[in-house]
Every structure is written in C-alpha cells, then in structure tokens.
Amino acid sequence: MPLSTFPDDRPSDRPLGAARGRPSLRRLWPSDGPAVRAFFLRLDPETRANRFMAAVGDRAAAAYAAQAMVAPGMIVGVFVDGTLRALGELRPFGPGHADARRAEVALTVEQGFRRAGFGLRLLRRLAEAARNRGLVELRLRCMPHNVAMRRLVAGLGAELRFTEGESEGAIRLAQPTPLSLWREGIEATLDFNLAMATLPRSRPLPSPCLPPFLAHAA
C-alpha cells in the first residue's frame, strides 16, 4: 500500500498551558491511571467496540486500562476542563520481532468531543516520539465502518487495506531532525509540569523518567 512520510517539522499548535475550556494535550503518567480507567468506562458501546475491535464489558475495559499504564510504549491524552476526553497509545512491536522498527497506534476520542482535531493532534505527538527513536512506520487498525479513522489515515497519505474483517493502514515516518528532538524535549518538560499541577498534594509525584520503550530506544 502507498506510504506517506509523516510528520514534517511544522510548528506545534499545542497550548503551552492548561486553561478552563481549552484542550490540553500531554503525556500520561502512572498517576493518571484513575483518569484512564474512568475514560474507558465512560465510552459508549460503539466507541468501545471500535477501540477494541469487538464488544467489551466494563470488567475487561477496566482490566485493559490498568494494563495499559504499565505496558511498553507511550500514552498521550487530551484533557478538557481537567477530564480526559481523548487517548492515543503507541505500542512498539519490540526487539526480536520481525517488525521491531514499527509500532501500532490506537486512537480513541470520547463521543461528544470529536471533529475537534484531537485524533490528529494525538497522532502527530506519538509519531514524533516514534520517529525520534528510530521507528520507521506506524500501523493503525480499525473496523471498516469507522469512517472517522479511515478519513484521518487517508488524509495523511496512507491507504487503508481491508483484510480479515478489518482495515489496516501504514504511515511511513520521517527521520528525526534536531528540531524534532528539541521540540519533544520541551514538550516532555511541559507534560511533567502539567501532571504535577493536577496532582493532589497528598499524591506522590510521577517519575520524570521515560517509559521502558522510550528509554531503551533513546
């Protein structure tokens, strides 16, 4: 299938702080576990089925949320008025895998918060993290009737292929640049500061270290 080179080095449109009513995108930390669990449990049946490619109950959704916070990779989210409303996951295939330099991406946007560009912003952030660590391709899967996801991937130049009851697309990543590396460092600092600002004083601060996938690949 045709592959696109993504992303380019256009300036980031990310807000530099959180303000009431304004979306705030940041990386998620273990301390965000309750917000991630609440997010998956809030999803309506259709959105949840699109995310997991099958109908999933509350127990399975909660179990996945717990596992997602400790699995290799990276999670980013969009908060609106302090509530997590959109989630992006980057999951590398890992060393020893035939596709070790590739990763899978999953995007989920809560109903009522779509058509605001959250999916694209999440994907750009995850793509930059992946390219800065030498990954060459992102793969996305979705149900054939998930028109929003298909349009998002097609808009980035990738063509979806229908196979075994699902659609799969691939996005080729550009090589890292000094600008992309610098920008990610700035964003990581902003993410950590935002995460600390949302923690109750009785809660321990999240560790600023990178997740295993990112730390080992750096």
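Helices (H or I, at least four residues) and strands (E, at least two) are DSSP runs, numbered from the N terminus. Buried means under 20% relative accessible area, exposed over 50%, and partly exposed in between (1.4 Å probe, protein chains only).

What you're looking at is a predicted model, where local features need pLDDT of at least 70 and side-chain atom pairs count only at pLDDT 80 or more, while totals for chains, interfaces and linings use all residues. Residues are numbered from 1 along each chain as its sequence is written, and side-chain values use heavy atoms, with hydrogens and water left out.

**Stop 1: helix α5**

Select residues 147-155, which make up helix α5. Which residues are buried here? They are Met-149, Leu-152 and Val-153. Now look down the axis of α5: the buried residues fall within an arc of 90° (taken from the directions from the helix axis to the C-beta atoms), so they line one face of the helix. Just after α5 comes Gly-157, with a positive phi of about 95°.

**Stop 2**

Next, select Glu-137 in strand β6 (residues 137-142) and Arg-102 in strand β5 (residues 102-109). Their side chains meet in a salt bridge, 3.3 Å from N to O. The term covers a side-chain nitrogen of Lys or Arg within 4 Å of a carboxyl oxygen of Asp or Glu. The two residues are 35 residues apart, and the pair links distant parts of the chain. Is Glu-137 buried or exposed? Its relative accessibility is 6%, so Glu-137 counts as buried.

Another pair to pick is Glu-89 and Arg-91, whose side chains form a salt bridge (3.3 Å, N to O). Both Glu-89 and Arg-91 are buried. How many salt bridges does a search of the whole structure find? The count is 13.

**Stop 2: from α2 to α3**

Pick Arg-48 and Asp-58, another salt bridge, with the closest N and O atoms 2.9 Å apart. Arg-48 lies in helix α2 and Asp-58 in helix α3, so this pair ties together parts that are 10 residues apart in sequence. Arg-48 has 6% relative accessibility and therefore counts as buried.

In the loop between α2 and α3, click on Met-53. Met-53 isn't a glycine, yet its phi is positive, at about 65°.

**Stop 3: the aromatic rings**

Time for rings. A pair of aromatic rings is described by the distance of the centres and the angle of the planes. Rings of Phe, Tyr and Trp (its six-membered ring) pair if their centres lie within 6.5 Å; planes under 30 degrees apart count as stacked, over 60 as edge-to-face and the rest as tilted. By this rule there are four aromatic pairs. One of them is Phe-39 with Phe-40: the ring centres are 5.5 Å apart and the planes stand at 75°, so the pair is edge-to-face. Phe-39 is buried, at a relative accessible area of 0%, and Phe-40 is buried at 0% too.

Tyr-64 is partly exposed, at 21% relative accessibility. Keep Phe-39, Phe-40, Phe-52 and Tyr-64 on screen together, as ring pairs link them into a cluster.

Two charges are worth a click too. A charge sits over a ring if NZ of Lys or CZ of Arg is within 6 Å of the ring centre and within 35 degrees of the ring normal. The charged end of Arg-51 sits over the ring of Phe-52, 5.0 Å from its centre, and that of Arg-27 sits over the ring of Trp-29, 4.4 Å from its centre.

**Last stop: a loop and a helix**

Finish with Asp-81, in the loop between β3 (74-80) and β4 (83-92). Asp-81 is a residue other than glycine with a positive phi, near 55°, and at 44% relative accessibility it is partly exposed. Then select Gly-82 and Thr-198: they're 116 residues apart in sequence, but 8.1 Å apart in space, C-alpha to C-alpha. Thr-198 belongs to helix α6 (residues 178-198) and is exposed, at 52% relative accessibility.
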